[in-house]
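Please open the model in your viewer and get ready to select a few residues. We will take the stops one by one.

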Amino acid sequence: MKLKVLTEGDERLRVICKPVTKITPAIKKLIADMIETMYYKKGVGLAAPQVGSDLRIIVFDPRTTKRRKPQVLINPELSEMRGEIRGDEGCLSCPGLWGEVVRSAHVLAKGFNEAGEPVEIESDGGVLSVVLQHETDHLDGILFLDRLDPAQQLRVMKEREEL
Ligand code: NI
């Protein structure tokens, strides 16, 4: 089932999400719906608060191959962040807005899959590194807009007025 994606200004995008303590059928359904919604909206990632849930769940598919390969991380934690990459980011919750964000190139993401098994994903740059950081930010109520430098924030403010 496709879910409604909340947009910037909705307070539910600003909450600190809660860890998942038990993987229930409802949570599995939420994950399946998030994946369906991500593909429908042509996003490379989606975080639970974007669809109104306050649980620490992200789904993503950095599209490095033509074939769909949806991944989920429950209670993701990022570590070993080092290096620097810059790239234009957008967000399904901030339609029409883009900006350059500085992220760590290397990241180790630890969390759990739908079966409750521990998962580790290491990324050394590229879209996957960006997506992991962008989506995990959502779980702490942070949007990519918050990470733009002042000049870019000003530009986005003006663009937003024109939208
Ligand atoms: Ni986003």
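Which protein donors does the nickel ion have? Select Cys91 (SG), His134 (NE2) and His138 (NE2): these are the donors, lying 2.1 to 2.3 Å from the nickel ion. Donors are N, O and S atoms within 2.8 Å of the metal (3.2 Å for Na, K and Ca), and water is not among the atoms, so sites may look incomplete.

A word on the model: it is predicted, so local features need pLDDT of at least 70 and side-chain atom pairs count only at pLDDT 80 or more, while totals for chains, interfaces and linings use all residues. Residues are numbered from 1 along each chain as its sequence is written, and side-chain values use heavy atoms, with hydrogens and water left out.

Now follow the chain between the donors, whose spacing in sequence is C-x42-H-x3-H. Cys91 sits in the loop between S4 and strand S5 (99-103) and His138 in helix H2, so this pair ties together parts that are 47 residues apart in sequence. Helices (H or I, at least four residues) and strands (E, at least two) are DSSP runs, numbered from the N terminus.

Buried or exposed: what is Cys91? Cys91 is buried, with a relative accessible area of 10%, and His138 is buried too, at 2%. Buried means under 20% relative accessible area, exposed over 50%, and partly exposed in between (1.4 Å probe, protein chains only).
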